[in-house]
Amino acid sequence: MTHSILHSIALHCTDTLPPSRVGRATRPRLFSDGAVGYHGYGASRATQCGSGASLIRANIPCTAPSFSMRRSDWTPDLTHCDVPLFEGIARAIANDIADGRLMPGDHLPTQRALAKRINLDVTTIARGYAEAARIGLVEARVGSGTFVRGSKHPGNASLRRADLADRSMNQPPDVHDEALLGKMRTSMTTISSLMPQLLRYQPGGGVAQDKAAATDWLSRRGILLDQHSLHITAGAHAAISAVLSTLLCHGGSIACESITYPGLRGIAKTIGRELHGLPTDQHGIDPAALAQAATRNQVRVLYQNPTLRNPTTETVPMHRRVEIVEVARKHGIAIIEDDAYGFLPVNPPPAMAMLAPELTFYVASLAKCLGPGLRIAYLLTPRVMEPEDIVESLRAVSVMASPLTSALVTRWIENGLADAILAAVRAETRARRRLLTQALPSECLDTSEFCFHAWIKPPASLGRHRVVDWTRGYALGAVASDDFCIDIEPPEAFRFCLGGAATFDEAKRAVEALASLLQ
């Protein structure tokens, strides 16, 4: 009964619209939960309607929209928003421009009116409009309001959408130095001369020139390839997935820290293997607990992120690395060393791959030291393992690393640009970390030099979920401890990322606001 009534209302509203406005932008949508709404012109969707319920957020206009430039009826579609809400508003503006629901010159609703309509605070709306203005979608006119900007390049909406990065992901600060950016752009032009070769399938594991550059890059970390085979892969996630699916094809389970990289949980679930979180102290996992797990839980693989751990920031010292290696050797446990942050410190401890090359599968991602959009990681596998096995698994997971980005990275390593980008990331990270250490009390903050994330413990009265939700209105992202925990109750803590698309000034404002909230 409710469904039919709502459907009749929706059809009536559509019938009132001029023909030119009827179509995908205004077509009523009847949701499975009894909600009705539009893709544009008035509402993203209604709230759930049960027996006797009424539409309290639909705001469905039952009169034809005005053809004037004022768009007081515009509502962003945040139904499936998976980014901070202010970014979701900017993304909705970009999407509606691309789909023709917003036109150049359209006058957006006032911040206060939109906040009231979709039950958000005015600050979030203001930040959403500001983000849209920053990437060139709208312009604010003093005394008049916010207007959709015109474009001489109608096809560039997708490029603008690409600028709406997910700031909750842990990523290095963007490069802002114009001279360095200019060299990066020039490199893109240079590798374009290799077309169409770079558009073809490449040999499994990478081509010789890319492997030579990778060997050069790994030497900066003290990594030698005497006892390893090298593979160019499509990022650390793909590399770890391929290694685990190869090592555990006949059974066994995975051990890791009880607070660890959240992607590992998804990989373990995909390949159908159990994940066991081990107790830790200030130096890393308890070696005795690893020995017990090897016997009780048939642990065959140990996952380690030993340098600037994600999310807790500490680095496993040399003596504990040796202890872990001794237990792994005794019980025949393979080690996956995820060294994503290992290139950031100037003088990090030796990689575990150099302590136990016969056991260690070493993954050196470029996401944290150069940029996650490259989707390149270098994988070293022990020579005692048949390289064809891992190549087959890599092909099953991702076919191959992108020849385009592989060639770009090789160019950067060969001409020294990779070192310059890494130096810029280090410098900006240290500057942003200083903001944090100066603003927050040390008792609630775990951080390390050259680390662009921090582990923050808010007062119990405030709670991690409340703080994480609050940060969605700012330019820096936070993730609650729940996402990182294996076999333990999540502590009252969250990871705070200082990198990503935020400028230094935006980062400063976010840190200052966080400090004020925590006090």
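User: Which way do Phe494, Arg495, Phe496 and Cys497 point from S17, and are they buried or exposed?

Analyst: Phe494 and Phe496 point one way from S17, while Arg495 and Cys497 point the other way, and all are buried, a word that stands for under 20% relative accessible area, with exposed meaning over 50% and partly exposed in between (1.4 Å probe, protein chains only). This is a predicted model, in which local features need pLDDT of at least 70 and side-chain atom pairs count only at pLDDT 80 or more, whereas totals for chains, interfaces and linings use all residues. Residues are numbered from 1 along each chain as its sequence is written, and side-chain values use heavy atoms, with hydrogens and water left out.

User: What makes a stretch a strand or a helix here, and how many of each does the chain have?

Analyst: Both are DSSP runs numbered from the N terminus, a helix being H or I over at least four residues and a strand being E over at least two. On that basis the chain has 17 helices and 17 strands, and 51% of its 519 residues count as buried.

User: What is the order of the four strands in the open sheet, and which strands are at its edges?

Analyst: The order is S14-S15-S17-S16, with antiparallel pairing. The edge strands are S14 (445-446) and S16 (478-480), each of which pairs on one side only. In general, strands of a sheet pair through backbone hydrogen bonds, either parallel or antiparallel.

User: Why is H14 called roughly perpendicular to H15?

Analyst: Helix H14 (residues 403-415) and helix H15 (residues 417-439) pack at an angle of about 90°, with their axes 5 Å apart. The axes are lines fitted to C-alpha atoms, for helices over the stretch in contact, and angles run from 0 to 180 degrees between N-to-C directions. Angles under 35 degrees count as roughly parallel, over 145 as roughly antiparallel, 65 to 115 as roughly perpendicular and the rest as oblique, and therefore H14 is roughly perpendicular to H15.

User: Which residues of H14 and H15 meet, and of which class are the residues in the contact?

Analyst: Trp412, Ile413 and Asn415 in H14 meet Leu417, Ala418 and Ile421 in H15, where contact means heavy atoms within 4.5 Å. This contact has five nonpolar, one polar and no charged residues, given that Ala, Val, Leu, Ile, Met, Phe, Trp, Tyr, Cys and Pro count as nonpolar, Asp, Glu, Lys and Arg as charged, and the others, Gly among them, as polar.

User: How do you know whether His107 and Ala353 are buried or exposed?

Analyst: His107, in the loop between helix H2 (85-98) and helix H3 (111-118), has a relative accessible area of 7% and therefore counts as buried. Ala353, in helix H12 (residues 352-355), has a relative accessibility of 0%, so Ala353 is buried as well. Leaving aside neighbours within four places in sequence, Ala353 is in contact with His228, Glu337, Thr360 and Tyr362.

User: Where are the peptide bonds from Met195 to Pro196 and between Asn310 and Pro311, and what is omega in each?

Analyst: The bond from Met195 to Pro196 is cis, with omega near 5°, and Pro196 lies in the loop between helix H6 (178-191) and helix H7 (208-219). The bond joining Asn310 and Pro311 is cis, with omega about 15°, and Pro311 is in the loop between strand S10 (299-304) and helix H11 (318-331).

Key: Two strands pair if DSSP finds at least two bridges between them.
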